[in-house]
Amino acid sequence: LQFTVLAQSDARQDATEDFLASYADGDFIALIGSKSSVVTLEITDKTSFSAPFPYILADFEFSSVGQRPLDVLANQVNLEAIYESCNVLEAQALTLEPVYTAVCSAAVPPAKLRAVKKANGLLPNGNLLLAWLNTRGAMIFMSKPAEYPGWSQLESLNVAVVLRDSLLPPLKFSKINSFKKYQDLMDRAWITMFAWLSSQDDEHSLVLGTANGSLWLLNLSHDMQILREHKVLETSLDRICFLNVFEDFLLVGDVKGIIQLYRVSNSNESCLVLIKELWSKPDRMGLQRGVITRCPKRGCYYITCCKAAHLLTWCLQMSEEDEEWLETRLYVGGMKITGLTALNHNSYVVGNISRHLQRIQISHESNQLSLTKQSIPMDMLENFEVLDLINSSNGNLLTVFLTRNKEYMNSHLWQRNQIVMQVGEIQDKDAEEALGRLASQLKFNEPINPYTDYLAELRMKIFSQKELQRYIDFSPLDSFQFDDDATESQLLKLKIKYHVLQAISHLHSNLLELTEHARKFLDEMELLQAMLATTHIRLRLQFLRTLSKLTPFQDEAVKSMFNEAHRLINKLKSGFDEKHLLKTTTNAFVEHISTHLEILHLKLGGNPPKVMDQDSGMPEIGCCVSYAEISPSLERRYCTLCDRQILMELENLQELYEHKDKQKIICPFCHGSFTEELLNA
């Protein structure tokens, strides 16, 4: 195995630690290594030759945000009297924890980020929702549009204040006269970790862990303004330091090292049911990373956690009848594990202080569970060490976060406050295989957006110019046959070719030594777009001809689509002379499409339209699905990948499809999904 780097970048992180990524879902990563800002990475396919790194970095400066909600409680207690009555160990615990003594300290250490996590659902305006928690228990919500490079604070419910003032039962501060009572007062309101549960259409759900081991479930309104419901479970845990949600499972760890697995259940009073205490030995090694995966083949879940330099793995059967638990452990090597991510349901990649990454494989045979490891050489690890590892959602890209570990490499301040981010793949996959995996998973009624990591890999490999010829030779245009009726599978193949050719055209247009060939690929793109448009039009017309009667919108769309198809044909006829390399392919395509359009027009009634000028039939702003004209407006609905527009009235466009009630409107060119840009967003 070999880790091949495809792109590299850096980011400012001045308080780095192991397991740097507080949250990662494959396409979105949130880092907690900065003293003054939240930094997130959002995967994109809109990379360029000059900036091939496939993530959009967004940040939020939080230095001006109020960060100490527990001071309100501390100010109502006589700390001097409590300190004088403490024994030595209590006095030490009191003075070493800034949360307890911040109100009477001359110099309070700055708060650090404890967790940054993205909600599963979106806000009513379609923006992403993010929450961050610091070591003082302050929790702030932020929002931003997708792929926008900056977060803004969301005016929302202050969860820390609501927990402190409204949800907890009141206490008489006059009775707080010992360290134990003061600690209980602070710990019950001190949020030390959180996680998002699955979001419903009209609400967001949070689970909070506190310093006294309580788990709070909060249901918040869709706009994060109202607390609709709350439930609490008092556990036997100490200060909770880890929460991770997978499906309906909640993995919980505390600072003493205890690990428990819960199930989220609406039938239970507290909504949480303890399944098993996975690790019961208080070893003072708080859980930093735990991963849950599901194996559909075996019908089980694998739970893998880090303890120093060991991996601990448990197997939970999906069937309630089979209550037998399997478990195993593996010493990875070195002093500690610094990064862990799942490659798939039964394998992981681990980083530690060594010159290799480690691939860990779960072996599950004959009711026995075991782990094996295999080294992955990585040249950078001679002078760098791993801070974390994140695998993309489809498993084709691995992002590695590195920091310099040699003194001579940290001679400048900017070097000490900088991490290196590398994106690559574990093993080489040729272009046919990578694109083949995309083609096998892509569905006509599902947008390509969940496969953004495939598109990012495609662009990085083309921009690196490694095996460029293989991509140039992928699905040549003369290999597409148009002598039969149009099919959905043919349109999907054309769309994949569109993404390949788009990246190749961009490369040749931006690299000086390749610009002489740019015209060739731009002409290919023009022909390919005509193939995409006419194939989409034929599919829609083939459906509409089966209907006995057309609605007014369908009738208008038929005319617009015929006009657009003939405009494209006339443009191709006049745009390619006899000596052009694509002339033969173009002539064959035009001949077949012209015949199909004549037949479709006769079946839909009427004679073929007259030949018109190539630009006369194109509306100023046209819908790329129906080709009807779009009235100028400040609101629009557009493709998230290629920015093409469609009509705002989706119910009209669904009339052009067979299963209109279930049909998702998807871009006919890039297969991207559509989103809205509204005035009140």
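Q: Before we look at any sheet, what makes two strands count as a pair?

A: Two strands pair if DSSP finds at least two bridges between them. Keep in mind that this is a predicted model. Here, three strands make an open sheet, ordered S30-S29-S31, with antiparallel pairing.

Q: Which strands stand at the edges, and why is one side of each left without a neighbour?

A: Those are S30 (645-646) and S31 (674-677): each has a single partner strand, so one side of each has no neighbour in the sheet. Now take strand S29, residues 636-639, which pairs with S30 over two bridges in the antiparallel sense. Within that pairing, arginine 637 stands opposite isoleucine 646 of S30.

Q: Okay, rings next. How many aromatic pairs does a search of the whole structure find?

A: It finds 12 aromatic pairs. To read one, check the distance between ring centres and the angle between planes, where over 60 degrees counts as edge-to-face. For phenylalanine 482 and phenylalanine 589, the centres are 5.0 Å apart and the planes stand at 70°, so this pair is edge-to-face.

Q: Where in the chain do phenylalanine 482 and phenylalanine 589 sit?

A: In distant parts, 107 residues apart: phenylalanine 482 is in the loop between helix H10 (468-472) and helix H11 (488-510), while phenylalanine 589 belongs to helix H14 (residues 583-603).

Q: Is phenylalanine 482 buried or exposed?

A: Buried means under 20% relative accessible area. Phenylalanine 482 has 2%, so it is buried. Phenylalanine 589 counts as buried too, at 2% relative accessibility.

Q: Which residues have the most contacts inside the largest nonpolar core?

A: The general idea is that nonpolar side chains tend to be buried together in soluble globular proteins. In this model, the largest nonpolar core has 77 residues, and Ile462, Phe589 and Val625 have the most contacts inside it. Several helices supply at least two residues each, including H8 (431-441), H9 (452-464) and H13 (552-575). H12 gives the most, with 13 residues.

Q: What is isoleucine 462 in contact with, leaving aside its neighbours within four places in sequence?

A: Isoleucine 462 touches Leu468, Tyr471, Val500, Ala503, Ile504 and Leu507. Apart from this core lies another one, of 60 residues, among them Ala74, Ala131, Phe141 and Cys271.

Q: One more thing: which ring does lysine 144 lie over?

A: For this, look for a charged side chain above a ring's face. Lysine 144 lies over the face of tryptophan 151, at 5.3 Å from the ring centre. Likewise, arginine 644 lies over the face of phenylalanine 669, at 4.0 Å from the ring centre.

How values were computed:
Residues are numbered from 1 along each chain as its sequence is written. This is a predicted model: local features need pLDDT of at least 70, side-chain atom pairs count only at pLDDT 80 or more; totals for chains, interfaces and linings use all residues. Side-chain values use heavy atoms; hydrogens and water are left out. Helices (H or I, at least four residues) and strands (E, at least two) are DSSP runs, numbered from the N terminus. Rings of Phe, Tyr and Trp (its six-membered ring) pair if their centres lie within 6.5 Å; planes under 30 degrees apart count as stacked, over 60 as edge-to-face and the rest as tilted. Buried means under 20% relative accessible area, exposed over 50%, partly exposed in between (1.4 Å probe, protein chains only). A charge sits over a ring if NZ of Lys or CZ of Arg is within 6 Å of the ring centre and within 35 degrees of the ring normal. A nonpolar core is a set of buried Ala, Val, Leu, Ile, Met, Phe, Trp, Tyr and Cys residues joined through side-chain atoms within 4.5 Å. Contact means heavy atoms within 4.5 Å.
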